[in-house]
Protein chains: 4
Amino acid sequence: MLPPLPLPDTATPPLTRGHKKRERTRRGLVDAALRLIARKEVGEIALLEVATEAAVSNGTIYNYFRTREEVLEAVGIAMAAEFSDAISDLSADVSCGAQRLAIGVRMFLCRAAVDHQWANALLRIIHFDQAMRSRLATHVLGDLREGLRSGMFCYEDEGVALDLVLSCTTGAMRSIVDGRAVEGHDVQVTKMVLRALGVSLAKASKIAAKPLPV
Amino acid sequence: MLPPLPLPDTATPPLTRGHKKRERTRRGLVDAALRLIARKEVGEIALLEVATEAAVSNGTIYNYFRTREEVLEAVGIAMAAEFSDAISDLSADVSCGAQRLAIGVRMFLCRAAVDHQWANALLRIIHFDQAMRSRLATHVLGDLREGLRSGMFCYEDEGVALDLVLSCTTGAMRSIVDGRAVEGHDVQVTKMVLRALGVSLAKASKIAAKPLPV
Amino acid sequence: MLPPLPLPDTATPPLTRGHKKRERTRRGLVDAALRLIARKEVGEIALLEVATEAAVSNGTIYNYFRTREEVLEAVGIAMAAEFSDAISDLSADVSCGAQRLAIGVRMFLCRAAVDHQWANALLRIIHFDQAMRSRLATHVLGDLREGLRSGMFCYEDEGVALDLVLSCTTGAMRSIVDGRAVEGHDVQVTKMVLRALGVSLAKASKIAAKPLPV
Amino acid sequence: MLPPLPLPDTATPPLTRGHKKRERTRRGLVDAALRLIARKEVGEIALLEVATEAAVSNGTIYNYFRTREEVLEAVGIAMAAEFSDAISDLSADVSCGAQRLAIGVRMFLCRAAVDHQWANALLRIIHFDQAMRSRLATHVLGDLREGLRSGMFCYEDEGVALDLVLSCTTGAMRSIVDGRAVEGHDVQVTKMVLRALGVSLAKASKIAAKPLPV
DNA sequence: CATGAATGAGACTTCATTCAT
DNA sequence: TATGAATGAAGTCTCATTCAT
């Protein structure tokens, strides 16, 4: 969705002046919703709040979305888009799957430690929006397969392995958000995940401890 | 579910005639709520539904609970009580911490595979009721410490280890509920968890594969 | 009410043992309601509260009253009965109407000062139960007429005079209950009422200041 | 709309187009509530009735008031505002405190005689809304003090005197509403009030009988 | 497009009243 | 008769959604 490809304009986004403003207002609404999701459960968010947070009138929302569901769906999509970018960026220069996986996990945890609001929003959206999971999965799966091919990983079913990576990462994020973080949390979690995937203790320690890219 | 054992009734006030009926209705309400939680998100459950599901009038609920919160709290407590019993039972005869942990994880997954409603209810309640997590934690922590003492486990922080066990178990339960289960799911997950905790591949395979008690 | 006369049993109160208990429970309910009326507005009193305050079950109320209205009506009657007694007693030995009126007003105010609960209950019932007014009126009217006959009072319409006496008395009671009482409140109010009825300043001061009977 | 007025607009927010309509609806709601208060006790009024009486949907009320209390409070304020105006108007040209007081009392009673609904609403609101009393008190106190200063009145405590004026006036209003009015009710009551405040019979009669301003 | 007033379904909660025990 | 569980109507309040301006 929202392919940012510079391909022939297929009728999706004709960029007039009016349309730029339209897009700006829309983003304002989605961002406002994101900010709210960071604070309260999805089911507790009223559209009037979203409108107020975005500094528009409640009726305005219905110029951009047909229904409440659509608003929340858009929020999921927006957050997912952000991930895709973030994750793609960070693993650009790393070829080793295990290393890429380690970087991914740690970056999620570090960001969660720094930005609880972001983490909360992410956790709630994953819980709420099925599509989110598969988006994350896509990235992780690549790393898992590369690690398996290179002999670094050793697991029976890639679905189960995927589950483990995602579960441990989100579980750790929740711990962080709930204030149960410990010194070196991200490294410890990553090490355990790697070992679960079949990496030896020594290698796991080394990979997990390697400094993060910028 | 789990027909209450024919043991001496430990409850406090079965003194009046009506008390048996009262208790029956209360259970009916809590069970109805449990059935609903298995089907929809906690925040989407209306008390009128609970009443209907329990085949009583809406007002009746308020003869037993003062508020919506109390109803949901009671559901959490009921499910937690069931766990305590179940878990205590199964680990009665096993002394090895790693083995007890493995049995615990697998039994949760097996039951989830067999009873999706139960699993769904559990997952939602864990997400909703903070107290639930600590209840499960208590049991797991004992096993973790025993495993560490006996040299079977090797981890740096027990909070992180606890997180991992719980996250992987609940994550796998969700997979099962969502229909992503695979052949031997429980054994695979358990094996990975054990390795994450520092158990060697060989031992992990052996422990995870041992047949479950009755 | 409850005339303990040893007269021919006219079918009203046949005094069996059971009937004594019945009457006791009934009084308990009415008294409980009175206590509550002292604390909250009539419309805010729930029958369950009355039952609890009377230490009986809610259902029991309906063995004595057919409806909520009946309960409240009984409360009005009970309070009225108490007045009749109280007022009759105090004016037994006084022949002068003005003096009797002064004593009556002051005793209401003094009791209000001493027992806010009683005053509150009375004020609320007067506001709620029309019958109450006429009961008080009966007593006051006698005094007014006597005062007029003896030349002490001088007013055009006895209804208006009656209104004035009752309004001033209840108004002063409310002031007392609301904490706006002043030193010698009862005497001041009485003096003003007497002057309004045509008594000279000197006489009014003298009458109002005369010590109350026991 | 309304932008080019040469006068400083005293109201705060008549800036948008919809504001005129908004104010109209709000008044409609308050007026509807007033009409209902004239008919039933405050505690018996359901917001759905108010909405129906105002010919809007129940939800609309909550676009204007946050809670039931606020609705009733607004009613009190509205009625109080009306008084302030009415009273200020009538006493504009009269300098004598006793005379102003007499006019005030009589106008209340005359209006009550002509408009029972208004009287009922006023009585109920005074009973319900503490703020109302002090508003009326303010006006009366001024007259009392002026009368005392000019030697027309003679009373010990102004709080007690205030009580007497208000009690007698509202008491008489209730009589009127209940159908116990008599010929020349307002004059009689006023005369008595004046005498209670220390005015001689002759002067009281003269002051009370003076024709009301238009 | 933006606005925000209006709507009405539906949620939670209270309470008078009934009725089986 | 006493009890208290059950009932269901009614009330307060919220909120997604519509629509005239």
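How many helices and strands does chain A have? Chain A has 9 helices and 0 strands; helices (H or I, at least four residues) and strands (E, at least two) are DSSP runs, numbered from the N terminus.

This is a predicted model, in which local features need pLDDT of at least 70, side-chain atom pairs count only at pLDDT 80 or more, and totals for chains, interfaces and linings use all residues. Residues are numbered from 1 along each chain as its sequence is written, and chains are lettered from A and ligands numbered from 1 in the order in which they are written.

**Exercise 1. Describe the layout of chain A and its domains.**

Step 1. The pattern of chain A along the sequence is α-α-α-α-α-α-α-α-α. Its C-alpha trace spans about 60 × 45 × 30 Å along the principal axes.

Step 2. Chain A is assigned domain 1 (17–65) and domain 2 (75–209), with bounds that come from an automatic or database domain assignment. A distance of 30 Å lies between the C-alpha centres of domain 1 and domain 2 of chain A.

Step 3. Domain 1 of chain A gives 7 residues to the contact and domain 2 of chain A gives 10 residues; two residues are in contact if their C-beta atoms, placed from the backbone, lie within 7 Å. On the side of domain 1 of chain A that touches domain 2 of chain A, there are 6 nonpolar, no polar and 1 charged residues. Here Ala, Val, Leu, Ile, Met, Phe, Trp, Tyr, Cys and Pro count as nonpolar, Asp, Glu, Lys and Arg as charged, and the others, Gly among them, as polar.

**Exercise 2. Work out the contact of chain B with chain A and the relation of the two chains.**

Step 1. Chain B contributes 24 residues and chain A contributes 24 residues. On the side of chain B that touches chain A, the elements giving two or more residues are helix H8 (158–177) and helix H9 (185–196) of chain B. The largest share of this side, 10 residues, is that of H8(B).

Step 2. The side of chain B that touches chain A holds 10 nonpolar, 7 polar and 7 charged residues.

**Exercise 3. Describe the contact of chain D with chain C.**

Step 1. This contact takes 24 residues from chain D and 23 residues from chain C.

Step 2. Helix H8 (158–177) and helix H9 (185–196) of chain D are the elements that give two or more residues to the side of chain D that touches chain C. H8(D) gives the most to that side, with 10 residues.

**Exercise 4. Describe the packing of H8(C) and H9(C).**

Step 1. The axes of helix H8 (residues 185–196) and helix H9 (residues 201–209) of chain C come within 9 Å and cross at roughly 140°. H8(C) is therefore oblique to H9(C).

Step 2. Axes are lines fitted to C-alpha atoms, for helices over the stretch in contact, and angles run from 0 to 180 degrees between N-to-C directions. Angles under 35 degrees count as roughly parallel, over 145 as roughly antiparallel, 65 to 115 as roughly perpendicular and the rest as oblique.

Step 3. Residues of H8(C) in the contact include Val187(C) and Leu194(C), and those of H9(C) include Leu201(C) and Ile207(C). The contact of H8(C) with H9(C) has 7 nonpolar, 2 polar and 2 charged residues.
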